[in-house]
Amino acid sequence: MYTKDMVRAKMKPVTVYLQEIKYLLFQEMAKNENKKAAELVRDAMDEYIENHTSQAKSLDSWEPISLGGLKEQASDWISKDYQDEILGGAF
């Protein structure tokens, strides 16, 4: 994954068309945070990318899933008593 420092090391100027009222509100927000509007745009893009890209997961973070229970007529596979013993009566 990238870091903010990597992205900001080399910046590319872009043109974005916005609704004027939203940009005025955005400028006001930037002013209240003692930042420039461009900095808020970069921060918003960083946050969006971070929240919308898949993170690599370790196997430790995976949760087990249920594949369902055994059918009631599973006697051809194994006895009901043994099913209960194996599954702990969960199904």
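**A loop, then the helices**

Tutor: Happy to. L18 lies in the loop between α1 and α2. Helices here are DSSP runs (H or I, at least four residues), and strands are runs of E of at least two, numbered from the N terminus.

Student: Is L18 buried or exposed?

Tutor: L18 is exposed, because its relative accessible area is 51%. The cut-offs are under 20% for buried and over 50% for exposed, with partly exposed in between (1.4 Å probe, protein chains only).

Student: Which residues form a nonpolar patch on the surface?

Tutor: V14, V16, L18 and Y23, with about 380 Å² of accessible area together. Patches take residues with over 30% relative accessible area and no salt bridge; nonpolar side chains (Val, Leu, Ile, Met, Phe, Trp, Tyr) are joined within 5 Å, like charges within 9 Å. Areas come from the Shrake-Rupley method with a 1.4 Å probe, and for residues only the protein chains shown count as cover.

Student: Before I go on, what sort of model is this?

Tutor: It is a predicted model: local features need pLDDT of at least 70, side-chain atom pairs count only at pLDDT 80 or more, and totals for chains, interfaces and linings use all residues. Residues are numbered from 1 along each chain as its sequence is written, and side-chain values use heavy atoms, with hydrogens and water left out.

Student: Where is confidence lowest and highest in the protein chain?

Tutor: Lowest in helix α1 (residues 4–9), at a mean of 58, and highest in α2, at 94. The mean pLDDT of the chain is 77, and 66% of its residues reach 70 or more. pLDDT is the predictor's confidence in each residue, from 0 to 100.

Student: What span should α2 have, and what do its end C-alpha atoms give?

Tutor: The 13 residues of α2 should span 18 Å at 1.5 Å a residue, and the end C-alpha atoms are 18 Å apart, which agrees. The expected span is 1.5 Å times one less than the number of residues. For α3, 16 residues should span 22 Å, and its end C-alpha atoms are 22 Å apart, which also agrees.

Student: And what comes after α2?

Tutor: α2 is followed by N34, whose phi is positive, near 55°. N34 is a residue other than glycine, found in the loop between α2 and α3 (37–52). N34 counts as exposed because its relative accessible area is 72%.

Student: Back to α2, where does Q27 sit?

Tutor: Q27 lies in helix α2 (residues 20–32) and is partly exposed, at 35% relative accessibility. The C-alpha atoms of Q27 and A37 are separated by 5.4 Å, although the two are ten residues apart along the chain.

Student: Which residues of α3 are buried?

Tutor: A37, L40, D43 and D46.

Student: What does the side chain of D43 meet?

Tutor: The side chain of K35, in a salt bridge (3.4 Å, N to O). A search of the whole structure finds one salt bridge, meaning a side-chain nitrogen of Lys or Arg within 4 Å of a carboxyl oxygen of Asp or Glu. D43 counts as buried, at 18% relative accessibility, while K35 is partly exposed, at 30%.
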